[in-house]
Amino acid sequence: MPEEPAYSSAEEPRLVEWAKVGDMQAFEELVSRYRDRIYVRAYSIMRNEDLAVDLSQNAWVKAWQRLDQFHGEASFPTWLSRIVTNLCLDELRRQKRARMDSIEAMEEATGPIENRLEMETVDPVEGLSREELRERIDAALAKLSDKHRTVIVLYEFEQLEYREIAEKMDTSIGTVMSRLFYARKRLASLLKETLKRDGLIE
Amino acid sequence: MNENEIQLKIQALLDGELTGSEAEDLRARIETDDRLRELHARLTAVRGLMDGTELPRTLPLPGDFHWSQIAQAIEREDRETKRLARPVPRANWLLRWVMPLAGAACLVLLLTLQLNAPPDLGILLSSDHELELSDDEIDVMTYNTGDDAMSIVWLDYAIDLRPDTLQLWLD
């Protein structure tokens, strides 16, 4: 009787190869290794726990169906991350179609005026541990509009280039640059307000 | 270059998206321009904030449950894919293609027959026409013109010319 592969100790490329030929247990092991990472990416974009869970589950299903398209150009988690990011962008587009996004439209309209405002200066290390800063930035990210948060997540966390972000978001590179600038400026401003409120800066 | 463009260019420089001579020119300008140097410093600080700050999170579901959901969805999708890939039985083919085509053909035939049917007087009332009626005692003829929205009616009545009847008419 052939010996069952040791999934938990197997290296990622082996697991992927096994999963490609239909080994569900190998795929289950991949899910257990990267489920949090995929969920975090979905949550960063959507800021909604239930949606993030659903979208990350859908991403795993899509990954299973498209395993034969994975040739190892990027790492397996990076490939997965791209899948969940695309699903999140589709979901945002669907949401946008379903409602009048008046707040964002207003923000877009006032973009050039906002851009003329002074950028806040924040000293991120002043009185804050890295962990505290992470939490504060996370809270500030939640206050950004979908468009601005998405561009920040794609650039900073997904580490895509301007061109790649423009392609994914169906927009121009100029718009990506503008949104990224506005998002950073808004984050700095929100963070400064938080730090001031907590008495951590004057 | 206006203020907005300069800000975006400096950001692109910091993000490594501006290269070659354009990047060199901008660096040289930043060196010599206090305002640009300050903007560059501010952008660097803001950009530094985000470095590695994605908050780690744990999936808010038990791992086994999460996997069972995924496995069920995969199974469902596989079943659906197989169902769609199955060859269509002859009866289904008949229902899917022949029946709608036959229905469409019947409809076309019906419309053709209606168009070639003899004109209905009611339908033609919109155009100029005459209509003649006859009665034992009164002959009626009408002329109807739709364009002028007018109808003319001729009554051909055989008058009894007996003196008493004539007298009655004259009265």
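Chain B holds seven helices and three strands. Here helices (H or I, at least four residues) and strands (E, at least two) are DSSP runs, numbered from the N terminus. The model is predicted: local features need pLDDT of at least 70, side-chain atom pairs count only at pLDDT 80 or more, and totals for chains, interfaces and linings use all residues. Residues are numbered from 1 along each chain as its sequence is written, while chains are lettered from A and ligands numbered from 1 in the order in which they are written.

From the N terminus, the elements of chain B follow the order α-α-α-α-α-α-β-β-β-α. Of its 171 residues, 9% are buried. A residue counts as buried if 20 or more other C-beta atoms lie within 10 Å of its own, as exposed if 12 or fewer do, and as partly exposed in between, with C-beta atoms placed from the backbone. Contacts require C-beta atoms, placed from the backbone, within 7 Å. In chain B, 21% of the contacts between residues at least 6 apart in sequence join residues at least 24 apart.

Helix α3 of chain B spans residues 34-49. Its 16 residues reach 23 Å from first C-alpha to last, close to the 22 Å expected at 1.5 Å a residue. The expected span is 1.5 Å times one less than the number of residues. Buried in α3(B) are His40(B), Arg42(B), Leu43(B) and Val46(B). The buried residues of α3(B) fall within an arc of 165° seen down the axis, so they line one face of the helix. That arc is taken over the directions from the helix axis to the C-beta atoms. Asp34(B) and Thr44(B) are exposed, on the face of α3(B) turned away from its buried side.

Chain A has ten helices and zero strands. Buried residues make up 35% of its 202 residues. The largest nonpolar core has 54 residues. Such a core is a set of buried Ala, Val, Leu, Ile, Met, Phe, Trp, Tyr and Cys residues joined through C-beta atoms within 7 Å. Among the members that touch the most others are Tyr39(A), Leu55(A), Val151(A) and Leu180(A). Helix α2(A) gives the most to this core, eleven residues. Beyond its neighbours within four places in sequence, Leu180(A) contacts Val151(A), Ile152(A), Tyr155(A) and Gln11(B).

Between the chains, 43 residues of chain A are in contact with 33 residues of chain B. On the chain A side, α2(A) supplies the largest share, ten residues.

Technical notes: Two residues are in contact if their C-beta atoms, placed from the backbone, lie within 7 Å.
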